[in-house]
Amino acid sequence: MNQRSLGSLKMEATAAYNCRIPFREHSLAFSHRSLSSLHFHFTHTLRRPRHPTATMALNASHVDLSLSPRVNAVKPSKTVAISDLATALVQAGVPVIRLAAGEPDFDTPLPIAEAGINAIREGYTRYTPNAGTMELRQAICRKLKEENGITYTPDQVVVSNGAKQSLAQAVLAVCSPGDEVIIPAPFWVSYPEMARLADATPVILPTSISDNFLLDPKLLESKITERSRLLILCSPSNPTGSVYPKVLLAEIARIVAKHPKLLVLSDEIYEHIIYAPATHTSFASLPGMWDRTLTVNGFSKAFAMTGWRLGYIAGPKHFIAACGKIQSQLTSGASSIAQKAAVAALGLGYAGGEPVATMVKAFRERRDFLVKSFKEIDGVKISEPQGAFYLFLDFSFYYGRAAEGFGKIEDSESLCRYLLDVGQVALVPGSAFGDDTCIRISYAESLTTLQAAVERIKKSLARLSSAALV
Ligand SMILES: Cc1ncc(COP(=O)(O)O)c(C=O)c1O
């Protein structure tokens, strides 16, 4: 074992958890002993409170290392950190099955990739307008009209470097300090942190697995105050795969309509990854909602374009211009090459045409396989996902049990660590998404890999089921 290399890997694991710094590539091979010590480190890093003063104490060269209170208020993304850790383990020779990342395992469809290559060949490599090329914004407007029933003009669309940027800019554009951002849980990890970055307060509304993780309109109504500025909806949902039926959205819309200050940020990035008979409804298409809805979508998920970094927001010009203003001082326009590729993606046909339908069919087979498999496992509760490529399973039956040589499973984090240690399967603890009873499994992997993962998880859980509650 190479102690120095392991030490540097540990340091990077710490950095990734604390500061969201990506791992660099590692080619070292290390033993199982080093693996468990890395896991030990990983656990401690996850749990250790971070004090700015502690960082100060490390300062040997009299440089003031203090950070902005805004940064100190933000938690690093556990999904990014766990994916990075799992990747580092694989690169170090540990046969971990990675089901933590929110990234399709498919290659970008060829016509899209070729459009990108042609863009480079044809010298289409310069800055584009800040809000995106007219060609792409027009294509987005056509898509939103034909597929979603919402009408926009190109000046009501801003293209960004990923839907994440679109969402962050929207939160920054509309929230004032002290405003409340209502977020149903389980939530995508970044929503509460985006609210904090805007000096707003996240207000988390729990949902339950028995209601398919859908927001109870009565609960929403009871939590709206005069400070509520934004309601963030995500359908199909990451992490649960739930899809909001139109009737429920209409009920939510009726409540929202009573509160002039309240806007809706509708994250529709998984729109095309949906399993019939479930259907997608754009919140802005509901009566009276166009004026107060900001619709976010992107190319990462449906078109398998995560690395191209392209997303967009559409909404009333007043708000969209504000998002564009922020973008103009942060990044300017998105990649010219990716924008050419995105035009090709939107040209593939309704809902992404054949290439997207093929990927959705594969996701559906995997979902069916996993749902069937986990239904057969003792104590696991399931809400069958209707979209996206995640399963959010309640494993709390296993909490309070002790595994030999591991210790007590206390919560979703220790169960994930146990499954990584014993089963060598990387999953994301539900605590990252605001629900500690569950664990998220991403099924953006081949059926063969998923079959192997289920076997490993089954075996690891079997060891726990026979253990006494402690
Ligand atoms: C719910 C949700 N919204 C937005 C994004 C951001 O997507 P991107 O920035 O890759 O377009 C993600 C990515 O994981 C997501 O899961």
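Which residues does Ala170 touch, not counting residues up to four places away in sequence? In this predicted model, the list is Leu265, Leu294, Val296, Ile313 and Cys323.

**The core around Ala170**

Ala170 is a handy place to start, as it is one of the residues with the most contacts inside the largest nonpolar core. That core has 128 residues, and Val171, Leu230, Ala426 and Leu427 join Ala170 among those with the most contacts inside it. Helix H8, residues 163–174, gives the core its largest share, 7 residues.

Take the contacts between residues at least 6 apart in sequence: 73% of them join residues at least 24 apart.

**The seven-stranded sheet**

Next up is an open sheet of 7 strands with mixed pairing, and its order reads S2-S8-S7-S6-S5-S3-S4. Strands S2 (157–160) and S4 (201–206) sit at the edges, each pairing on one side only. From one strand to the next, the twist averages 20 degrees. Helix H7 (residues 134–148) lies across S2 and strand S8 (311–314), and runs at about 115 degrees to S2.

Strand S6 (residues 263–267) is mostly covered, with 5 of its 5 residues buried. In a regular strand, side chains alternate between the two faces of the sheet. For S6, Leu263, Leu265 and Asp267 are on one side and Val264 and Ser266 on the other, and both faces are covered. Leu265 also turns up as one of the residues that Ala170 touches.

**Strand pairs**

Backbone hydrogen bonds are what pair the strands of a sheet, in either the parallel or the antiparallel sense.

| Strand pair | Bridges | Sense |
|---|---|---|
| S5 (residues 228–234) and S6 | 5 bridges | parallel |
| S3 (residues 180–185) and S4 | 6 bridges | parallel |
| S13 and S14 (residues 438–442) | 2 bridges | antiparallel |

Ile232 has Leu265 as its bridge partner in S6. Pro184 stands opposite Leu205 in S4, while Val428 stands opposite Arg440 in S14.

The sheet that holds S13 and S14 is also open, with 3 strands in the order S9-S14-S13 and antiparallel pairing. Its edge strands are S9 (390–394) and S13 (428–429), and each of these pairs on one side only.

Ser176 is placed in the loop between H8 and S3.

**Around the ligand**

Which residues come nearest to the ligand? Out of the 13 residues around the ligand, they are Gly162, Ala163, Lys164, Gly298 and Ser300. Sorted by class, this shell holds 4 nonpolar, 7 polar and 2 charged residues. Helix H8, the one with the largest share of the core, spans residues 163–174, and Ala163 and Lys164 are among the residues nearest the ligand.

How values were computed:
Residues numbered from 1 in each chain as written. Predicted model: local features only at pLDDT ≥ 70, side-chain atom pairs only at ≥ 80, totals over all residues. Near = placed C-beta within 6 Å. Nonpolar A, V, L, I, M, F, W, Y, C, P; charged D, E, K, R; others polar. Core = buried A, V, L, I, M, F, W, Y, C linked by C-beta atoms within 7 Å. Buried ≥ 20, exposed ≤ 12 C-beta atoms within 10 Å, placed from the backbone. Helix = DSSP H or I, 4+ residues; strand = E, 2+ residues; numbered from the N terminus. Contact = placed C-beta atoms within 7 Å. Pairing = 2+ DSSP bridges. Axes fitted to C-alpha atoms, helices over the stretch in contact; angles between N-to-C directions.
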